[in-house]
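Please find below a colleague's note on the structure under review. The points are numbered so that each can be checked separately against the coordinates.

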Amino acid sequence: MATIEAVDTAFIRRAVELADLNAVRVALYQMTDDPALAALPPAAQMDEAQKAGLIDRAVAWLADNASGQMPAEPEPARLRELMTLATGRPMTDDEFEARRDLAAFRRYPFAVEWEGKHPPVPEGFSVAIIGSGFSGIAAAVQCEILGIPYTVYDRQPEAGGTWSINRYPEIRVDTPSITYEFSFEKRYPWDEHFGRGEAVRGYLNHVSRKYGAQAHTRFGHDLISGTFDALRNRWTLRFDTPEGERTAHATIVITASGTFANPRIPDFPGKDDFRGLIVHPSRWPEGLDLQGKRIAIIGNGSTGVQMLRALARDAAQVHVFQRTPQWISPREKYGAPMEREVSWLVDNLPGYWNWWRYMATAALFDIHALQVPDAAWQASGGKVNPANDALRDTLTQYIHQQTGGRADLIERLVPDYAPFSRRPVVDNGWYQALTRDNVELVCDSIERLVPEGIVTEDGHVREVDIIIAATGFEVAKYLWPARYTGAGARDLHDTWEAGDGPRAYLGMMVPDFPNLFMLYGPNSQPLSGGTGLPQWYMVWAAYAGRCMMRMIEQGADRVEVKREAFERYNRALDEEASNLLQLTPEGGVDRNYYVNAKHGRLQVNAPWQSPDFHRMCTVVEWDDLILSRSADA
């Protein structure tokens with residue numbers, strides 16, 4: 001990294017000009033209390049003179065005061081003042097509590113810590129964490145903070161989870177790297193604004209090593225089953241390993257296997273007759289040669305959209321099979337390297353990293369409003385609500401612009417459902433790639449495979465060498481294929497199958513399955529944004545941490561959710577979900593992986609507004625839980 005001695009004011013000016021000016025303003029105000037900075041509006045509302053004045057002030061201050069200091073967390077009233085200044089909007093108490101750690105001033109934001117002297121961890125009390133991706137590492141770090149013995153188990157040979165198994169061309173995060181990271185690892189030096197898969201794997205391995213998780217991880221351990229022993233209040237876990245089957249025991253099991261662990265492989269008629277190669281992106285062969293090949297990409301979700309441009313550069317021909325059009329949007333600096341000047345600013349303007357993270361996340365605060373239909377607006381001829389309809393117009397114009405106005409593409413690319421009713425997809429040059437001479441958009445259904453390629457419903461045969469099944473994952477198969485047997489010999493998957501699909505209390509706990517916590521479980525993905533997923537992993541790990549702390553304090557070795565609390569929570573969840581766009585025809589309910597296709601209910605997301613869900617996951621309702629102790633404890 002550059003240091004202040006190695007740069008001149010021209011370099012500093014470039015750094016500030018490239019930066020998030022809102023973050024610059026708040027960081028500088030935190031350092032100086034200059035009332036002129038507080039009087040400025042948010043950057044989007046500044047005129048050119050105000051922007052120029054802010055840049056001049058920042059350059060002058062940095063020329064004399066640049067340092068690598070990390071500011072301490074301000075007192076609550078001061079922090080709230082700065083947060084309000086950052087967005088230009090007041091906030092409720094719940095919003096403040098949910099967002100106060102977004103700026104990451106605390107050593108371990110979103111985690112829970114002991115206060116003062118605490119009781120010793122009982123002998124034999126231990127935690128098994130299944131998975132070493134983001135959520136598994138979050139759980140491990142939470143255990144490290146609390147001093148609770150734990151072991152991480154992962155079927156892969158390295159940390160990374162979905163980032164370890166997905167290695168297809170152009171894979172990268174689709175949210176800014178500074179929000180897709182743990183907030184306890186300060187000022188990590190990302191080399192791009194949206195990190196590539198290799199960089200994310202490197203980051204996760206770095207964090208796993210630095211914070212002690214890797215030393216507690218057993219790689220090459222694929223969980224077969226977990227069985228709860230109600231006499232001893234502990235889990236017995238069976239693993240398949242390269243050395244054969246192994247058994248382990250733990251008081252608590254935290255599953256961190258993720259939502260995107262089981263690939264969905266299409267089973268087309270004639271699949272076994274096809275002479276070419278069929279590849280799912282999560283099983284990408286190392287060294288796969290695409291040069292001069294005839295390729296079919298089935299699917300236009302995030303994965304298919306990310307890889308098309310790279311494949312089209314190498315392939316002789318690419319056929320893109322689209323079943324449902326997507327709303328695909330641009331992201332500023334997507335694919336761009338992290339500028340040297342910005343990296344310098346992160347290291348030399350105290351607080352800039354904190355407020356840059358905050359502002360990058362603040363854009364998500366209002367997403368929930370886009371997903372709630374406005375009946376009055378619809379009665380007047382609108383489709384969803386004013387904001388959602390305006391976004392639809394903007395994205396439609398983007399499709400026109402990116403395709404050069406080609407009517408033959410536009411009529412097939414504009415969705416007939418509302419934005420944000422499905423997972424947003426980030427454009428990686430997908431629309432432009434469709435205009436290449438060697439790329440064809442195919443909207444006819446696939447009828448079957450034949451030895452030489454793909455036959456569509458119109459009888460057209462497209463000869464291909466490689467079929468890439470970018471068809472996503474079996475998101476409803478939580479914890480699959482491991483089998484969990486709880487109290488009363490109840491099988492978790494059978495229990496879910498007997499009902500209306502996977503359900504949990506707060507996305508984490510299920511009655512009759514004591515001492516089991518799921519991270520990123522059923523209905524846990526926040527729908528309204530406001531906090532990046534790695535921070536939610538810490539929130540959920542901290543919930544398990546709070547429960548374990550209470551167990552240790554009370555001498556308990558069993559914690560479980562009451563059935564009545566589980567049922568009450570899920571009734572409220574269904575009622576809240578019924579107000580959302582995803583469960584309406586305008587939301588494309590029949591083509592949405594957020595929705596359980598078999599039961600027609602919201603499956604992946606938590607329907608709550610982010611501050612409300614944060615409160616539910618951080619203020620434990622102890623009356624909803626039962627803590628107890630085995631006879632021989």
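1. Conventions. The model is predicted, so local features need pLDDT of at least 70 and side-chain atom pairs count only at pLDDT 80 or more, while totals for chains, interfaces and linings use all residues. Residues are numbered from 1 along each chain as its sequence is written, and side-chain values use heavy atoms, with hydrogens and water left out.

2. The mixed sheet. Four strands make up an open sheet in the order β6-β5-β4-β18, with mixed pairing. Strands are DSSP runs of E with at least two residues, helices are runs of H or I with at least four, and both are numbered from the N terminus; two strands pair if DSSP finds at least two bridges between them. At the edges are β6 (244-250) and β18 (483-485), each of which pairs on one side only. From one strand to the next, the twist averages 15°; axes are lines fitted to C-alpha atoms, for helices over the stretch in contact, and angles run from 0 to 180 degrees between N-to-C directions.

3. Strands β4 and β5. Seven bridges link β4 (residues 222-229) with β5 (residues 234-241) in the antiparallel sense. Among the facing residues, Ser 225 is opposite Arg 238 in β5, and Phe 228 has Trp 235 of β5 as its bridge partner. The hairpin of β4 and β5 has four residues between the strands, and Asn 233 there takes a positive phi near 50°.

4. Strands β5 and β6. These two strands run antiparallel and are joined by seven bridges. They form a hairpin with two residues between them, and Phe 239 stands opposite Arg 246 in β6. The covered face of β5 carries Trp 235, Leu 237, Phe 239 and Thr 241, whereas Arg 234, Thr 236, Arg 238 and Asp 240 are on the uncovered face.

5. The parallel sheet. Five strands in the order β8-β17-β9-β10-β13 form an open sheet with parallel pairing. Because β8 (277-279) and β13 (439-442) are edge strands with a single partner each, one side of each has no neighbour in the sheet. The twist averages 15° from one strand to the next in this sheet. Strand β10 (residues 317-321) pairs with β13 in the parallel sense over four bridges, and His 319 is opposite Glu 440 in β13. Helix α10 (residues 302-314) lies across β9 (294-298), β10, β13 and β17 (466-469), and runs at about 170° to β9.

6. Helix α19. This helix (residues 533-554) has 22 residues and reaches 32 Å from its first C-alpha to its last, close to the 32 Å expected at 1.5 Å a residue; the expected span is 1.5 Å times one less than the number of residues. Helix α19 is mostly covered, with 17 of its 22 residues buried, where buried means under 20% relative accessible area, exposed over 50%, and partly exposed in between (1.4 Å probe, protein chains only).

7. Helix α4. The 18 residues of α4 (residues 48-65) should span 26 Å at 1.5 Å a residue, and the end C-alpha atoms are 25 Å apart, which agrees. Leu 54, Ile 55, Ala 58, Val 59, Trp 61 and Leu 62 of α4 are buried. The elements covering the buried residues of α4 include α1 (9-18), α2 (21-32), α3 (35-39) and α11 (340-348).

8. Gln 142. Where does Gln 142 lie? Gln 142 belongs to helix α7 (residues 134-146) and is buried, at a relative accessible area of 1%. Leaving aside residues up to four places away in sequence, Gln 142 touches Ala 111, Val 112, Ala 541, Ala 542 and Gly 545 (contact means heavy atoms within 4.5 Å).

9. Aromatic pairs. The whole structure contains 29 aromatic pairs. Tyr 352 and Trp 356 form a stacked pair, because their ring centres are 5.6 Å apart and their planes lie at 25°. Rings of Phe, Tyr and Trp (its six-membered ring) pair if their centres lie within 6.5 Å; planes under 30 degrees apart count as stacked, over 60 as edge-to-face and the rest as tilted. Tyr 352 and Trp 356 are four residues apart in helix α12 (residues 352-362), so about one helical turn separates them. Tyr 352 is buried at 0% relative accessibility, and Trp 356 is buried at 11%.

10. Charges over rings. The charged end of Arg 107 sits over the ring of Tyr 108, 4.7 Å from its centre. Arg 172 lies over the face of Tyr 334, at 5.4 Å from the ring centre. The criterion is NZ of Lys or CZ of Arg within 6 Å of the ring centre and within 35 degrees of the ring normal.
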